[in-house]
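Please look through the points below with the model open beside you. They are arranged by region, for someone coming to this structure for the first time.

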Amino acid sequence: MLGLMQDWPLLIHRIIDYAARQHGQREVVSRSVEGPIHRTNYSQIRERSKKVAQALEADGVRLGDRIATLAWNTWRHLESWYGITGIGAIYHTVNPRLFPDQIVWIVNHAQDRMVLTDLTFVPLLEAIADKLPSVERYVILTDRAHMPATKLNNAICYEDWIAAQDRDFEWADFDEKTAAGLCYTSGTTGNPKGVLYTHRSNVLHSMSLVHQDALRISASTVVLPVVPLFHANSWSLAFSCPMQGAKMVMPGPKLDGASLYELMEQEGVTMAAGVPTVWAMLLAFLQKEGRKLSTTKFMLVGGSAAPRAMIETFERDYGLTVVHAWGMTEMSPIGSLCAVKSSLSHVTGEALLDLKSKQGYAPFGVDMKITDDEGRELPWDGKTFGRLKVSGFAVTKGYFGSDENILDPQGFFDTGDVATIDPEGYMQITDRSKDVIKSGGEWISSIELENLAVGHPDVAEAAVIGIAHEKWSERPLLIVVAKEGRSIDRRNVLSFMDGKIAKWWMPDDVQVISEIPHTATGKINKLKLREEFRDYRLPE
Ligand code: ADP
């Protein structure tokens, strides 16, 4: 027997409708690309996103068409997402930090019909536009006063584009499984792969994550999404904030420590979300200037492993609760968060920091397992490493434009990460499967070594790669960057690590360089590092 509840499709525009009705005056504050701080609210965002939807339709955009955005976190970008999805078109977030050739590849693969771009990226697009035949129009996210002279095809300024519309428009109606968003993984190996979110997956993913043990977003929260909308679906924040009526503080193009600090203090930010590199910059600023955070209480950090020392400093010196999260584009993106379960509420001190350094447990909607190479499940003992596999309502089952089956026989997706899971369910990433160091048939976690090394007072950043070794097949090389004004003594770093890890995990050598290369999503670019150290030989 079927129940008698209403069919109420989980469509994204219902989120902005709700926000406008129940939290219409709640602010969305942005540092604009043009410079000044801009203030709007959910009521206005909804009105203007309706105009975006109308403008798209007037330009002939239809259900299923892809619309690229190359843009920072601002109110215009947010409006665009809701306008695009409101007619059943697909926002395709392009990461502007990618190499131009990769952007060309991605836009062509997605067959984007339009590009909505910030002023910042107009020169970049002008340089590649002749290689983007599918793009019929470029909308520059600015007003007439700031509109540049550009040769981009059919270019129009956003404010003029939407001003021509009258808002007399009903959101389109369609199946909740309709595609809503497209985000390509950065493709540090091989070509990028397109992950295609649905309305349903986005709504469910956001709904399942707002609570106290995850994003902690409520109507009284003031959220600073430093994580860009173009990075892994903005960790759901573009949906979960309006869904709860939280104030949003959008940092625009300025992500340096001083600019973020200014926004956090001026706007009363209570919750901030970003990758470790961003928080390292903020921390350096706070320490250098001797500042404190007066309103921020909660920090979400993920995208790469959060160093233990960073968690400790923010909690001890700045009074924050830091929650470490893990996920990936393919998971919408959040797959685990490290809140403390009540069974562990007695844990304190170093043991609590150890716990908080883990990537955490899966929220409702994510099933996890670890397996060996043959797909056999491995025990949750906190020691055994295995391939981390996941399934869930917001986990991908395939890539855009590809028929390849990427799931195992049980329907799980292989994350490419290697992890342990402890008896309490806490998962810890030990490596990406291609970065793990295979020494004498055993695995050494490059992440664990990196986290340990950045605890040294002279080390700003650390990366560990495997170097070919005749006897052991691979041995770890530690590559470090010194903190400003410090110098690094190789032996001193090694003796700092000695005793904190198994003897055979100790790096064979330490190399000091001036800068560690990063990928477009802020991760350590190990591929590049391995290239740079191709001719390097370990000391005897
Ligand atoms: P891309 O692969 O495009 O750089 P993703 O955000 O999809 O961007 O990357 C996902 C990967 O990032 C994960 O598979 C994992 O290797 C890594 N990652 C994300 N969060 C963490 C974390 N908290 N700790 C360690 N690794 C992480």
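Predicted model: local features only at pLDDT ≥ 70, side-chain atom pairs only at ≥ 80, totals over all residues.

1. Neighbours of E4. Strand E3 (residues 66–70) runs parallel to E4 and is joined to it by 4 bridges. Within this pairing, Ala-68 has His-92 as its bridge partner. Between E3 and E4 the chain passes through helix H3, residues 75–86, making a right-handed β-α-β crossover. E4 also pairs with strand E8 (residues 179–184), again in the parallel sense, over 3 bridges. Here Tyr-91 is opposite Gly-181 of E8.

2. Phe-400. This residue sits in the loop that links strand E17 (386–392) to strand E18 (413–421). Is Phe-400 buried or exposed? Phe-400 has a relative accessibility of 18%, and buried means under 20%, so Phe-400 counts as buried. Setting aside neighbours within four places in sequence, Phe-400 contacts Arg-66, His-109, Ala-110, Leu-182, Tyr-184, Gly-194 and Leu-196. One of these, Leu-182, is 218 residues away from Phe-400 along the chain, yet their C-alpha atoms are 8.2 Å apart.

3. Nonpolar cores. The largest nonpolar core contains 113 residues, and the members with the most contacts inside it are Trp-161, Leu-224, Trp-279 and Phe-314. Returning to Leu-224, its contacts beyond four places in sequence are Val-249, Pro-251, Leu-260, Leu-263, Met-264, Val-269, Met-271, Ala-272, Ala-273 and Trp-279.

4. The ligand. How many residues are around the ligand? There are 17, and those that come nearest are Ser-186, Ala-325, Thr-329, Asp-417 and Thr-521. An N or O atom in the side chain of His-231 is 3.4 Å from an oxygen atom of the ligand. The side chain of His-324 has a polar atom 2.9 Å from a ligand nitrogen. Gly-303 takes part through its backbone, with a polar atom there lying 3.1 Å from a nitrogen atom of the ligand.

5. Helix H12. Which residues of H12 (residues 349–357) are buried? They are Leu-353, Leu-355, Lys-356 and Ser-357. The elements covering these buried residues include helix H11 (308–318), strand E14 (321–327) and strand E19 (427–432).

6. The E14–E15 hairpin. E14 pairs in the antiparallel sense with strand E15, residues 334–337, over 3 bridges. Gly-327 is opposite Ile-334 of E15. The hairpin has 6 residues between its strands, and one of the points to inspect is Ser-332, which has a positive phi near 80°. The peptide bond from Ser-332 to Pro-333 is cis, with omega about 15°. Pro-333 belongs to the loop between E14 and E15. As background, most residues other than glycine have a negative phi, and most peptide bonds are trans.

7. Two further positive phi values. Asn-154, which is not a glycine, has a positive phi of about 60°. Asn-154 is placed in the loop between strand E6 (137–140) and strand E7 (156–157). With a relative accessible area of 45%, Asn-154 is partly exposed. Ser-236 also has a positive phi, near 80°, and is not a glycine either. The loop holding Ser-236 runs between strand E10 (222–225) and helix H8 (237–244). Is Ser-236 buried or exposed? Ser-236 counts as buried because its relative accessibility is 0%.

8. Thr-420. This residue lies in strand E18. Thr-420 has a relative accessible area of 5% and is therefore buried. Apart from neighbours within four places in sequence, Thr-420 is in contact with Ile-370, Gly-382, Lys-383, Thr-384, Phe-385, Tyr-426, Met-427, Gln-428 and Thr-430.

Key: Residues numbered from 1 in each chain as written. Heavy atoms only, no water. Pairing = 2+ DSSP bridges. Helix = DSSP H or I, 4+ residues; strand = E, 2+ residues; numbered from the N terminus. Right-handed = clockwise from strand over helix to strand, strands pointing away. Buried < 20%, exposed > 50% of the residue type's maximum accessible area, 1.4 Å probe, protein only. Contact = heavy atoms within 4.5 Å. Core = buried A, V, L, I, M, F, W, Y, C linked by side-chain atoms within 4.5 Å. Near = heavy atom within 4 Å. Polar contact = N/O pair within 3.5 Å; in protein donor to acceptor, adjacent residues only side chain to side chain.
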